[in-house]
Amino acid sequence: MTTIRQAGAHAIVAGAGIAGLAGAAALAGRFGRVTLLDRDSLPDGVQMRLGAGQGAHLHQLLKAGEEALERLLPGVTDDFYAAGAKRMRVGRDVKVFDFGGWMDECDAGFDVTSLSRPAYEAVLRARVSALPGVTIRTATPVKRLVVSDGRCTGVELEDGETLSADLIVDASGMTAPLMTQLAAEGHAAFETEEVRINVAYSTVRFRQPEKWRGESAGFFLLPGPPGKRFGFLLPIENGEWILSVGARGKDSPPRSLAEMLAYAEQFEPSIFERVRDAEPLSELRTFRKPTANRRKAWEAAKWPERLVPIGDALSSVNPTYGQGMTVAACEADALAGLLDARSADNAGLDGLASSYLTKAGEISGRAWSLSLNSDYVYDETEGERPPTFAMNRAMAATLRKLADDDLDFRTFRYRLVHMVADANALREGAMGIKFFTALQGSMAS
Ligand SMILES: Cc1cc2nc3c(=O)[nH]c(=O)nc-3n(C[C@H](O)[C@H](O)[C@H](O)COP(=O)(O)OP(=O)(O)OC[C@H]3O[C@@H](n4cnc5c(N)ncnc54)[C@H](O)[C@@H]3O)c2cc1C
């Protein structure tokens with residue numbers, strides 16, 4: 001980390017989930033002190049907790065998220081491996097069935113880590129709490145954001161204490177009340193977009209039987225319509241598998257282990273043959289995600305200075321595409337870059353929120369478009385499709401088809417999904433010509 005000059009004396013981060021931890025890593029060293037607050041009593045090690053109930057379910061960290069975290073906390077990928085992460089070669093170890101078929105095996109040129117969500121969080125928490133000037137206060141719920149004269153000046157805690165800071169990061173997630181309250185109190189005016197995606201998950205962790213121990217294979221199945229089901233199996237720390245299966249609309253995912261096994265048997269033999277004799281290590285957990293939501297703060301008619309929302313507090317999409325932690329990490333990384341640029345220009349902190357929100361709108365907007373382009377294909381996703389939907393679908397179908405036959409397109413598609421490539425690359429060079437020729441052909445037929 002290249003620190004040019006400190007941006008301020010004190011920064012507060014409300015929420016110590018993945019976004020809050022990544023945010024605190026971005027602020028450490030750039031502020032004299034960073035106070036990270038969470039309403040939960042955070043565990044010392046790897047443990048599920050109430051404030052991040054989704055942590056029981058499979059969490060894939062995309063490559064762009066890993067790279068952003070690595071920039072914020074150099075060596076953290078090695079820490080993930082030291083905590084037991086499986087190393088998975090994308091294209092080879094990660095088997096993908098989507099929109100009608102298996103992707104042919106290839107080497108996409110990069111590895112990803114595979115850990116449980118509580119383990120990712122524990123590694124990040126250990127790293128962040130060791131950073132200079134960082135204090136983590138647990139069991140400390142934030143009641144509201146304090147705004148005075150158009151500037152966020154701190155937070156009020158549930159116990160009545162007020163903490164002041166030069167910059168406040170809201171990382172309290174989508175369902176926490178802080179953003180809604182801010183708007184209700186008239187300190188901000190922004191549109192909240194909501195799309196009913198109607199997705200539900202069930203998850204069980206298993207011990208890998210001897211026969212499969214050490215296997216690096218993982219499975220991602222998103223068969224596409226008319227199918228409403230999806231499922232993922234990943235090897236994680238301690239010789240375990242995590243199996244998350246899900247359904248859209250009225251189709252309920254399993255509610256017991258027996259139902260889970262029956263579901264897996266019907267759904268995908270390669271998953272069923274692995275888990276049918278495996279010892280379950282957890283209760284079956286369920287999670288409903290009825291909506292994708294985003295607070296379009298980057299277009300806000302009114303927004304206080306010095307307030308920066310990050311992660312799910314800003315935007316929360318269908319988790320089946322595995323983007324949430326990555327978006328949070330990329331936003332934190334962008335925040336660090338903006339702070340350094342402003343320090344270099346001696347620009348101070350006023351205006352930071354606005355330039356950050358533009359960047360965060362772009363980062364979360366990519367995830368929003370990628371996920372909703374897929375969600376809108378399903379009848380179970382409610383609401384009017386945007387005017388660009390038909391063209392976006394034609395482009396996605398063309399890319400999927402090209403990926404079947406052409407290694408360059410297959411690896412590009414993996415890079416796109418992992419958010420390390422941009423779809424704009426399809427407009428350029430030889431790839432662009434090939435892509436648009438195929439797209440025109442598909443639209444003419
Ligand atoms: C079923 C499911 C599966 C998912 N799978 C993936 C996946 O494969 N890959 C992926 O990248 N993402 C996945 N996600 C999304 C991912 O969990 C989030 O996007 C990501 O963790 C970012 O979360 P966050 O830190 O912004 O919010 P959260 O994880 O919601 O954390 C918010 C934190 O704020 C704290 N808090 C809340 N209110 C207050 C308050 N008033 N005061 C103080 N603290 C407060 C909470 O205790 C919590 O610690 C999945 C989500 C779900 C629901």
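# Exercises on helix packing and burial

The buried residues of H2 pack against H1, helix H3 (76–82), E6, H4 and helix H8 (324–344). Contact here means heavy atoms within 4.5 Å, and buried means under 20% relative accessible area with a 1.4 Å probe, protein chains only. Helices (H or I, at least four residues) and strands (E, at least two) are DSSP runs numbered from the N terminus.

The model is predicted: local features need pLDDT of at least 70, side-chain atom pairs count only at pLDDT 80 or more, and totals for chains, interfaces and linings use all residues. Residues are numbered from 1 along each chain as its sequence is written, and side-chain values use heavy atoms, with hydrogens and water left out.

**Exercise 1.** State how many residues of helix H2 are buried, and name them.

*Solution.* Start with the count: 7 of the 10 residues of H2 (residues 63–72) are buried, so the helix is largely enclosed by the rest of the structure. Then name them: Lys63, Ala64, Gly65, Glu66, Ala68, Leu69 and Leu72.

**Exercise 2.** Describe how H1 packs against H4.

*Solution.* Two packed helices are described by the angle between their axes and the distance between the axes. Axes are lines fitted to C-alpha atoms, for helices over the stretch in contact, and angles run from 0 to 180 degrees between N-to-C directions.

1. The axes of H1 (residues 18–27) and H4 (residues 117–129) come within 10 Å and cross at roughly 25 degrees.
2. That makes H1 roughly parallel to H4; angles under 35 degrees count as roughly parallel, over 145 as roughly antiparallel, 65 to 115 as roughly perpendicular and the rest as oblique.
3. H1 contributes Ile18, Leu21, Ala24 and Ala25 to the contact, and H4 contributes Arg117, Tyr120, Glu121, Leu124, Arg125 and Val128.

**Exercise 3.** Classify the packing of H10 against H11 by angle.

*Solution.* The axes of H10 (residues 389–405) and H11 (residues 407–417) come within 6 Å and cross at roughly 130 degrees. H10 is therefore oblique to H11. On the H10 side, the residues that meet H11 are Leu399, Arg400, Leu402, Ala403, Asp404 and Asp405.

**Exercise 4.** Locate Ser116 and decide whether this residue is buried or exposed.

*Solution.* Ser116 lies in the loop between strand E6 (111–114) and H4. With a relative accessible area of 2%, Ser116 is buried. Not counting residues up to four places away in sequence, Ser116 touches Val46, Arg205, Ile236 and Glu237.

Terms used. Buried means under 20% relative accessible area, exposed over 50%, partly exposed in between (1.4 Å probe, protein chains only).
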